Amino acid sequence: MEQNGHSIALNLSAIRSQLPDGVRLVAVSKFHPIPSLQAAYDAGQRLFGENRPQEFSAKVPQMPADTEWHFIGHLQTNKLKLVLPYASLVQSVDSLHLLEAIDRWGRDNQRVIDVLLELHLGAEQTKHGLTEEEILQIVLGEAISAWTSVRFKGLMGMATNTDNEARIREDFSRISHLFHHIRTQLEAIPSPEGKERAACWTELSIGMSGDWRIALEYGATLIRVGTAIFGEREY
Ligand SMILES: *Cc1c(COP(=O)(O)O)cnc(C)c1O
């Protein structure tokens, strides 16, 4: 059920009070109506995440101008113009094809787009995501200089949808290792360009309503929480 404005504010403050410095909360507002987003905004929340291009582009003009938006869903290349002008971060780059299209869009529009690469974790619930090998190839491979209009900010992942905490920890551990491995490798590149890339590589987006507390133990810098703020979604 949709939470009322008062419970949205309480839910937000309960979560925020448990977040260490340097961790940002993305309020995942997909399927929730504007009054719920506005209640979160009025309670001080500025960062929101949406996962469907049409819904995203419809909501942006209905919220105050200082609202910050992340895109967190599967993005088809024919929908880029609905998302890229408004998203401060695309968290869900899940294929090389999409990355190439974003880079091209950035070049054509004189923009540099901040992105996270989505690591395919777990098994059943999603087909989307890049493998570790693909991610290493993209951010550390020889073709790295060819990406002129995307900036690699880090990794995003969704743990296996399970009650088995050990399995969730395995997933978070894997993505956290990859994140730190890449930072170390970037720092070892001697050129100023390497330093710049390492300095940009700062975001690890893991943790949702059911597992964000665990994600903090694995170094999350962004947690993406929907249900625990707004209530159950009605599809
Ligand atoms: C929906 C969604 C979330 C939030 O899920 P909750 O369980 O409602 O917190 C987080 N990340 C992504 C990518 C999502 O699609």
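In the predicted model, Gln110 is exposed, with a relative accessible area of 72%, where buried means under 20% relative accessible area, exposed over 50%, and partly exposed in between (1.4 Å probe, protein chains only). The model is a predicted one, in which local features need pLDDT of at least 70 and side-chain atom pairs count only at pLDDT 80 or more, while totals for chains, interfaces and linings use all residues. Residues are numbered from 1 along each chain as its sequence is written, and side-chain values use heavy atoms, with hydrogens and water left out.

Gln110 is located in the loop that lies between helix H5 (96–108) and strand E5 (113–118); helices (H or I, at least four residues) and strands (E, at least two) are DSSP runs, numbered from the N terminus. The phi angle of Gln110 is near 50 degrees, which is a positive value in a residue other than glycine. Arg111 also belongs to the loop between H5 and E5, and Arg111 is partly exposed because its relative accessible area is 29%. From the C-alpha atom of Arg111 to that of Trp212, a residue 101 positions apart along the chain, the separation is 32 Å.

A positive phi is also found for Phe31, a residue other than glycine, where the angle is near 70 degrees. Phe31 is placed in the loop between strand E1 (24–28) and helix H2 (34–42), and with a relative accessible area of 25% Phe31 is partly exposed. A further loop, between helix H3 (53–59) and strand E3 (68–71), contains Pro61, which is exposed because its relative accessible area is 66%. Pro61 and Gln76 are 15 residues apart along the chain, and their C-alpha atoms are separated by 22 Å.

Strand E4 (residues 89–93) includes Gln91, and Val90 is likewise in strand E4. Gln91 counts as buried because its relative accessibility is 0%, and Val90 counts as buried at 1% relative accessibility. The side chain of Gln91 makes a polar contact of 3.0 Å with the side chain of His70. Here a polar contact is a pair of N or O atoms within 3.5 Å; within protein, one must be able to donate a hydrogen and the other to accept it, and residues adjacent in sequence count only if both atoms are side-chain atoms. Val90, for its part, is 24 residues from Asp114 in sequence, whereas the two are 6.4 Å apart in space, C-alpha to C-alpha.

Another side-chain pair involves Thr160, which is situated in the loop between strand E6 (150–156) and helix H7 (165–187). Thr160 counts as buried, since its relative accessibility is 6%, and its side chain makes a polar contact with the side chain of Asp171 at 2.5 Å. Leu216, by contrast, is part of helix H9 (residues 212–217) and is partly exposed, with a relative accessible area of 22%. Leu216 and Leu121 are 95 residues apart along the chain, with 17 Å between their C-alpha atoms.

The residues around the ligand are Val28, Lys30, Ile72, Met158, Met208, Ser209, Arg224, Val225, Gly226, Thr227 and Arg233, where a residue is near a molecule if one of its heavy atoms lies within 4 Å of it. By class, this shell holds 5 nonpolar, 3 polar and 3 charged residues; Ala, Val, Leu, Ile, Met, Phe, Trp, Tyr, Cys and Pro count as nonpolar, Asp, Glu, Lys and Arg as charged, and the others, Gly among them, as polar.

Within this shell, an N or O atom in the side chain of Lys30 is 2.7 Å from an oxygen atom of the ligand, an N or O atom in the side chain of Ser209 is 2.5 Å from an oxygen atom of the ligand, and a polar side-chain atom of Thr227 lies 2.6 Å from an oxygen atom of the ligand. Of the 390 Å² of accessible area that the ligand has on its own, the protein covers 91%, with accessible areas taken from the Shrake-Rupley method with a 1.4 Å probe and, for residues, only the protein chains shown counting as cover.
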